[in-house]
Amino acid sequence: MPLQVPELLAVDLDRGFAELVRSHGGVVYSVLLRLSGDSRDVEDLVQDTFLRAYTALFGYPPERRRALQPRAWLLAIGTNVWRNHVRTLTRRPVADAGVDVGELPLTDGSPGPEQRAEHVVERERLVAALAELPELYRVPVVLRHIAGLGYTEIAELLGCPAGTVKAQVSRGLAALREMPRLTQEEVIR
């Protein structure tokens, strides 16, 4: 039976970290994309998140690595990295970066251009709508519905009661439903 990520981190940091990135990289990317709303910044934010995680893990004793809840811990680091990024952006003007290569259509034939265009348009509308939410509601909605965290995990991550998180998620979803750019089917239920 393969070792779980925390046990692997305690036994062999480099091998455990590779498994940590493989198993949780996708959810960190998804959450940071929904928080930032800009696909151009996400890869840098994800790399910064994992760099900070590795630096922290290097200083942790094996007992502490063994007791980690990796997903919630990584999302806490990622959320802080995003907040720092937002603070930096408000201090400095941003130049137009040009064409986003990640948004160019793929040539492998699946899915077709029309389906891909529809999906991109829906995703962009949802990301833009999430970006309009105040941070107070955006972070809990993304952690709940994009990262799939439970209310208790989000409460621990944000340092507030689970009831507060439930109210913030509910109010965030209600605010999304009020946005005219989204159809009712696009809003998370």
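At what angle do helix 5 (residues 70–91) and helix 8 (residues 151–158) pack, and how far apart are their axes? In this predicted model, the two helices pack at an angle of about 45°, and their axes lie 10 Å apart. Angles under 35 degrees would count as roughly parallel and those of 65 to 115 as roughly perpendicular; helix 5 and helix 8 are therefore oblique to each other. The crossing in which helix 5 passes helix 8 is right-handed.

On the side of helix 5, the contact is made by R71, A72, L75, A76, T79 and R83, which meet E153, L157 and L158 of helix 8. By residue class, the contact of helix 5 with helix 8 comprises five nonpolar residues, one polar residue and three charged residues.

Charged side chains were examined next. Side chains of opposite charge can pair when their charged atoms come close. The count of salt bridges comes to five, and three of these pairs, E19 with R22, D48 with R52 and R83 with E135, are described here.

R83, a residue of the contact with helix 8, also forms a salt bridge with E135, with the closest N and O atoms 2.5 Å apart. Because R83 belongs to helix 5 and E135 to helix 7 (residues 135–145), this pair ties together parts that are 52 residues apart in sequence. R83 has a relative accessibility of 23% and counts as partly exposed. E135, at 34% relative accessibility, likewise counts as partly exposed.

The other two pairs each lie within a helix. In helix 2 (residues 13–36), E19 and R22 are three residues apart, so about one helical turn separates them. The side chains of E19 and R22 meet in a salt bridge with an N to O distance of 2.4 Å. The relative accessible area of E19 is 24%, which places this residue in the partly exposed class. R22, by contrast, counts as exposed at 61% relative accessibility, because the exposed class begins over 50%.

In helix 3 (residues 39–59), D48 and R52 are four residues apart, about one turn of the helix. A salt bridge joins the side chains of D48 and R52, at 3.3 Å from N to O. D48 counts as partly exposed at 26% relative accessibility, and R52 is also partly exposed, with a relative accessible area of 39%.

Terms used:
Residues numbered from 1 in each chain as written. Predicted model: local features only at pLDDT ≥ 70, side-chain atom pairs only at ≥ 80, totals over all residues. Heavy atoms only, no water. Axes fitted to C-alpha atoms, helices over the stretch in contact; angles between N-to-C directions. Parallel < 35°, antiparallel > 145°, perpendicular 65-115°, else oblique. Left-handed = near helix turned anticlockwise from the far one by under 90°. Contact = heavy atoms within 4.5 Å. Nonpolar A, V, L, I, M, F, W, Y, C, P; charged D, E, K, R; others polar. Salt bridge = Lys/Arg side-chain N within 4 Å of Asp/Glu carboxyl O. Buried < 20%, exposed > 50% of the residue type's maximum accessible area, 1.4 Å probe, protein only.
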